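Work through the exercises below with the model open. Each task is followed by its solution.

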Amino acid sequence: MAEPTLRYAAIAGPTAAGKTAAALAVARQRAVEIVSVDSALVYRGMDIGTAKPTPAERAAVPHHLIDILDPRERYSAAAFVADATRLIADISARGRLPLLVGGTMLYFKALADGIDAMPAADPALRASLEADAAAHGWPAMHARLAEVDPVTATRLAPNDSQRIQRALEVWHASGRPLSHFHAAGRAEPKHGRPICALLVSLEPTDRSWLHGRIAERFDAMLAGGFIDEVKALRARGDLDADLPALRCVGYRQAWQALDGEFPMTELRERGIAATRQLAKRQMTWLRSMPQRRIVAAEAPDAIALAVDLLREIE
């Protein structure tokens, strides 16, 4: 007998769009467990700068894939797919609805469409790319990426060194663009892969509204002790700015400021600008997901609309 198809629901959207509030509202209406779809929330000790759900929020409804790694460790889309698939099965077996919530769109795409095995990291090739970047700058490397993988290049900022480097590394190692690996699973049968019953996307129609929310959140982070949190990470002595955890938006800028790369007085402006760029990239990803149901994030009844959409899922 064939195994029953696993189903899940999802809430996606750019940073600061209200995803956590919507998920908690859904949890008050029906039995769900939340699976975080966020590449930053996996790290322990990074609470303020990631806007991690509070202890009270996590006590109100079970949350998964939060605080599962040390900042020294690395996480990947493939690891997320394996973890999320296991959790979806476990949550379903408990008679609850798996609700995936977050803004790491690559993870959503990888789970929905599959992801092919990409080439492993090549230290020699990486060192060569870093030398080229040191000589020519990351915007030039971004332009080089646009020639061989325009799909990936359009999703990356010209100074997103980590992702540009990885995309070029994949191209040189395999002769195929990174976007090929992200899309490779689309033609595969979906047997055994969890199916998204509904993807609700909280998308602002007014960019200034989201920019205001981003600024308010960053100010709240600074007031809540964000700089002290980054100082505590630095004080460990075993972390560096090249780790994926420390390249998260906000942490990267705070680390640079503490390194003296720019005055601390510029941190707020630079952090907000970087977060806006992140939101822009997230919106680009979302537009490639035609199956999503869009809710205007700034609408007064946005949360109620999201709850209504998700209420009827079996």
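**Exercise 1: a strand residue**

V295 belongs to strand 6 (residues 293–296), strands being DSSP runs of E with at least two residues, numbered from the N terminus. The model is predicted, so local features need pLDDT of at least 70, side-chain atom pairs count only at pLDDT 80 or more, and totals for chains, interfaces and linings use all residues. Residues are numbered from 1 along each chain as its sequence is written, and side-chain values use heavy atoms, with hydrogens and water left out.

Next, accessibility: V295 has a relative accessible area of 4% and is therefore buried (under 20%; exposed is over 50%, partly exposed in between; 1.4 Å probe, protein chains only).

Then the contacts (heavy atoms within 4.5 Å): not counting residues up to four places away in sequence, V295 touches V200, S201, L202, E203, A302, L305, A306 and L309. The C-alpha atoms of V295 and V200 are 7.0 Å apart, although 95 residues separate the two along the chain.

**Exercise 2: an annotated segment**

A17 sits in the loop between strand 1 (7–12) and helix 1 (19–29), while T20 lies in helix 1.

A17 is buried at 4% relative accessibility, whereas T20 is partly exposed at 34%.

Finally, leaving aside neighbours within four places in sequence, A17 contacts L202, W209, L210, R213 and A297. L202 also touches V295.

Technical notes
Helices (H or I, at least four residues) and strands (E, at least two) are DSSP runs, numbered from the N terminus.
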